[in-house]
Amino acid sequence: MSDIVVDPLMRKKTNTGIRMGKDKIGFNVIAFIWVTFFGIVCLLPFVMILSGSMTAERSIFVDGYRIIPKDISFEAYGILFKSPDSLLRAYGVTATLTLVGCALGLFLTSMTSYVLFRKDFPWRNQFAFFFFFTTLFSGGLVPWYILIVRYLNLKDNPLILLLPGLFSVWYILIMRNFMKSIPDSLLESAKMDGANDFRMYINIVLPLSVPALATIGLFISLGYWNEWFNTLLFIDTESFYPLQYYLHRVLNSMNFAVQAAQHANIPLPQMPSEGFKLVMTVAATGPIIFAYPFVQRYFIRGITIGAVKG
C-alpha cells in the first residue's frame, strides 16, 4: 500500500484554521467575562438603592448600605404612600407630559430636520445656521422669567411644562445628519411615482429614521420625566405638580419638620430621611428604566441595508 502524501500547504492551512478557531473561542470567553463583570458593576448601584430603600434608618447609620438589607423596614415607603392620591396625580401629570411631549417633540424635530435635509430646499443652509446660532447665546434666567410671565402669560399654566422641551436645535442637527444617510434615489423614485413631500416624509423618511427617532425620543422623554425646574419657577397649583417636584416638596417638608422639632427641643421619632431619598430614587427612575429595553435595540440597528438594490 502506498503511503498517503499530505500537502504541506494544506497542513499549514489546517493548523492555521485550528489556531484561529481557538483564538476566536478565547476572545469570546474573555469578552463574555468582561461584559458580565461590567454589567454587574452597572447593576450593583441599582441593587444597593433598592436594598437601602427597604432598610431601617438605624441600620443604615450603623451598618451602612448593603446589598442584602440587615434590618428590613418599609417605613420610608409608608411615608411616600401616605398620600396616594397626590402621588398618583403627580405620576399622571408626569406620564401625560412625557407621552405628549415626546410625540409632539419627535414630530416637530423630524419635520424640521426633513426640510433642512432636502437638497431641493435652497435656504436649508441658512436656516440651519440660524438654528445653530441660537445655541451660542442665552438671554439668562431673568429675561426668560419676564418673557414667560409678562408677555406669554404662562404663569401657573401647565403649558409651560410642555412647550420649552418641544424644540431642541441639538436634536434637529442630529436628526438631519442621520437623514443624510437615506439614499436620494428613494425620494427621486417616489417623486417620479407622484408622491408629494408630505407623503415621502411619512412613508419613506420616518420608517427609515426609526433608530434616530427612538434615540431622540428617549432623550426627550427623559427631559420631560425629570422636569422640576420650570415647575419651581412658574407653577403654583398643586394639581399641576409633576413627579420630580412633588417628591422634592415631600423631602423638603420632612427635613423642615425634623429641623423645626430639633430647634424647639420637641422629641420626634427618627425619620427615615436617608431611606426616603432612596425611595424617591426608586419611584422616580423605576418606570423610565423599564421603558429603556424597548428602545435599546434601535441603537445598533442598520436602516438602509438592502434598501437600494444595485
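L162 is buried, at a relative accessible area of 13%; buried means under 20% relative accessible area, exposed over 50% and partly exposed in between, with a 1.4 Å probe and protein chains only. This is a predicted model, in which local features need pLDDT of at least 70 and side-chain atom pairs count only at pLDDT 80 or more, while totals for chains, interfaces and linings use all residues. Residues are numbered from 1 along each chain as its sequence is written, and side-chain values use heavy atoms, with hydrogens and water left out.

L162 belongs to helix α7 (residues 159-162). Helices (H or I, at least four residues) and strands (E, at least two) are DSSP runs, numbered from the N terminus. Beyond its neighbours within four places in sequence, L162 is in contact with L97, V100, G101, L104 and Y224, where contact means heavy atoms within 4.5 Å. L162 and T96 are 66 residues apart in sequence, and their C-alpha atoms are 9.9 Å apart in space.

| Residue | Helix | Relative accessible area |
|---|---|---|
| S51 | α1 (residues 8-53) | 3% |
| Y246 | α13 (residues 243-263) | 10% |
| N230 | α12 (residues 229-234) | 11% |

S51 touches R66, I67, I68 and P69. For Y246, the contacts are S83, S86, L87 and A90. Y246 and Y91 are 155 residues apart along the chain, with 9.3 Å between their C-alpha atoms. N230 touches W144, I160, L161, P164 and I235.

The chain as a whole has 15 helices and zero strands. Of its 310 residues, 32% count as buried. Among contacts between residues at least 6 apart in sequence, 73% join residues at least 24 apart.

Two packed helices are described by the angle between their axes and the distance between the axes. Helix α4 and helix α5 (residues 124-133) pack at an angle of about 135°, with their axes 8 Å apart. Axes are lines fitted to C-alpha atoms, for helices over the stretch in contact, and angles run from 0 to 180 degrees between N-to-C directions. The angle makes α4 oblique to α5: angles under 35 degrees count as roughly parallel, over 145 as roughly antiparallel, 65 to 115 as roughly perpendicular and the rest as oblique. T112, V115 and L116 of α4 meet R124, F127, A128 and F131 of α5. By class, this contact has five nonpolar, one polar and one charged residues. Ala, Val, Leu, Ile, Met, Phe, Trp, Tyr, Cys and Pro count as nonpolar, Asp, Glu, Lys and Arg as charged, and the others, Gly among them, as polar.

In α8, the buried residues are V169, Y171, I172, M175, R176 and M179. These residues lie on the same side of α8, because they cover an arc of only 155° around the axis; the arc is that of the directions from the helix axis to the C-beta atoms. The buried residues of α8 pack against α4, α5, α10 and α11.

Helix α10 (residues 197-208) has 12 residues and should span 16 Å at 1.5 Å a residue, which agrees with the 15 Å between its end C-alpha atoms. The expected span is 1.5 Å times one less than the number of residues. M200, Y201, I204, V205, L206 and L208 are the buried residues of α10. Their cover includes α4 (84-117), α8 (169-179), α9 (184-192) and α11 (210-225).
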